[in-house]
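Hi,

Here is the structure I said I would pass on. Have a look at it first, and my notes follow below.

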Amino acid sequence: MALKVGVIGTGMIGQDHIRRLTKVLSGVDVVGVADIERARAEAAAPEGATVFDTPQDLIASDTVEAIVICSWGPAHEEQLLGCIAAGKPVFCEKPLVTSEAAALKVMEAEVAYGHRLVQVGFMRRFDADYRRLKAVIDGGTLGAPLMYKSIHRNASVPAGLYTSDMPLNDTLVHDADVSRWLLDDEVVGVEVRVPRRSSRGGELRDPHIVLLHCGSGAIVTVEISVNISYGYDIRGEVACEQGVAALPNRPATVVSDRFGIRQEIPEDWRERFIEAYDQEFREWIVAAGQGTATGPSTWDGYAATLVADAALRAVESGAFEQIAMIAKPALYETA
Ligand code: NAP
């Protein structure tokens, strides 16, 4: 039996996930949609799906077994709490929520419920290249990881809509999450350095170098450049005690022509991570069908929120900003 899913938020990624759930993946039906703008939900609704007046109506509906949240970040808290109260599995696009207090509230509700219901949309964990990189590190043949260099370059960002805080509270969360996962370590402090500003972004503070200090002593450097012009370029290299392991540059096809030899660069994140998005939903559908969740958890969303908050403090202070986490609830120990 196909899993009956309702999608909240039918903007850019909501529409892409509806396409994925209806045209790419099996074992799932999109039976309902809701958006703050009803007309947008109506336009995005697959044939036969109900357009609900509010997200809470969608969550409460008997026809909806599991929910995908693609609304903007500040709306996630209320919608997640609604899903947990209804005991329904939920895939929530990043960010989990936009404050530490909200993350703790969602965690408290899920812990009280007694088992995992929430999967956060950190799709890099489902990318085949990242998974191979993690397998090498976990295999132990290179020894302990000491440093991880993460490069996150966007061709451009929407002028006016993408503000100077967003490299740190919107873009960095992917690098922060994948660093914690790759190194199996928590971030305990953050520093931020701002080099010469790119003239391509006008007043936008760009680029950034972020240092994530991990509990083991390992250090992650993250380059975030959001106006690099040439494409969407994601790189990663882990330096260990006895060797180095790196992501391949994608796509790996090498083109030779009269201009020379080159590897082409994806235009944006949709192209680079298209298979990872598909895979995160494949695994979510299986878990949600069993009434639970897999992969990145509420704990991981909480950790990323703390990193973003610390990075915003660090860019202001210019200093090392410490992160204090609560003790990890047993529910997330095996996540
Ligand atoms: P978007 O195009 O602005 O879409 C968000 C949609 O949700 C809009 O239609 C918005 O309506 C609607 N909405 C806002 N508040 C709502 C509420 N309370 N209830 C119902 N609908 C509501 O944004 P997007 O780019 O799709 O991003 C959506 C989420 O996905 C964000 O959290 C973003 O960070 C995340 N995201 C993740 C990735 C990834 O790589 N994993 C990539 C892109 C985006 P209005 O426009 O009228 O506010």
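How many Å separate the centres of domain 1 and domain 2, taken over C-alpha atoms? The answer is 27 Å. Before going on, the ground rules: this is a predicted model, in which local features need pLDDT of at least 70 and side-chain atom pairs count only at pLDDT 80 or more, while totals for chains, interfaces and linings use all residues. Residues are numbered from 1 along each chain as its sequence is written, and side-chain values use heavy atoms, with hydrogens and water left out.

On the domains: the assignment for the protein chain gives domain 1 (3–123 + 275–297) and domain 2 (124–267 + 304–322), with bounds that come from an automatic or database domain assignment. Between them, 16 residues of domain 1 are in contact with 14 residues of domain 2 (contact means heavy atoms within 4.5 Å).

Now the inside. The largest nonpolar core has 94 residues, and Leu21, Val190 and Trp284 have the most contacts inside it. By nonpolar core I mean a set of buried Ala, Val, Leu, Ile, Met, Phe, Trp, Tyr and Cys residues joined through side-chain atoms within 4.5 Å; buried is under 20% relative accessible area, exposed over 50%, and partly exposed in between (1.4 Å probe, protein chains only). Helix H10 (residues 298–317) gives the most to this core, with 10 residues. Helices (H or I, at least four residues) and strands (E, at least two) are DSSP runs, numbered from the N terminus. The core draws at least three residues from each of domain 1 and domain 2. As for Trp284, if you leave aside neighbours within four places in sequence, its contacts include Leu3, Val5, Pro89, Phe91 and Thr294.

H10 also turns up in a helix pair. The axes of helix H5 (residues 100–113) and H10 come within 9 Å and cross at roughly 170°; axes are lines fitted to C-alpha atoms, for helices over the stretch in contact, and angles run from 0 to 180 degrees between N-to-C directions. H5 and H10 are therefore roughly antiparallel to each other (the term covers angles over 145 degrees). H5 brings Glu100, Ala103, Leu104, Val106, Met107 and Glu110 to the contact, and H10 brings Thr298, Trp299, Tyr302, Thr305, Leu306 and Asp309. By class that is seven nonpolar, two polar and three charged residues, where Ala, Val, Leu, Ile, Met, Phe, Trp, Tyr, Cys and Pro count as nonpolar, Asp, Glu, Lys and Arg as charged, and the others, Gly among them, as polar.

Apart from neighbours within four places in sequence, Ala41 is in contact with Thr10, Val33, Ala34, Asp35 and Val51.

Most residues other than glycine have a negative phi, and most peptide bonds are trans. Here, the peptide bond from Lys94 to Pro95 is cis, with omega near -5°, and Pro95 lies in the loop between strand S5 (90–92) and H5. Another cis bond joins Asp206 and Pro207, with omega about 5°. Asp184, not a glycine, has a positive phi of about 50°; it sits in the loop between helix H7 (166–183) and S8 and is exposed at 66% relative accessibility. Ser229 also has a positive phi, near 75°, and is partly exposed, with a relative accessible area of 46%.

Cheers

Technical notes
Parallel < 35°, antiparallel > 145°, perpendicular 65-115°, else oblique.
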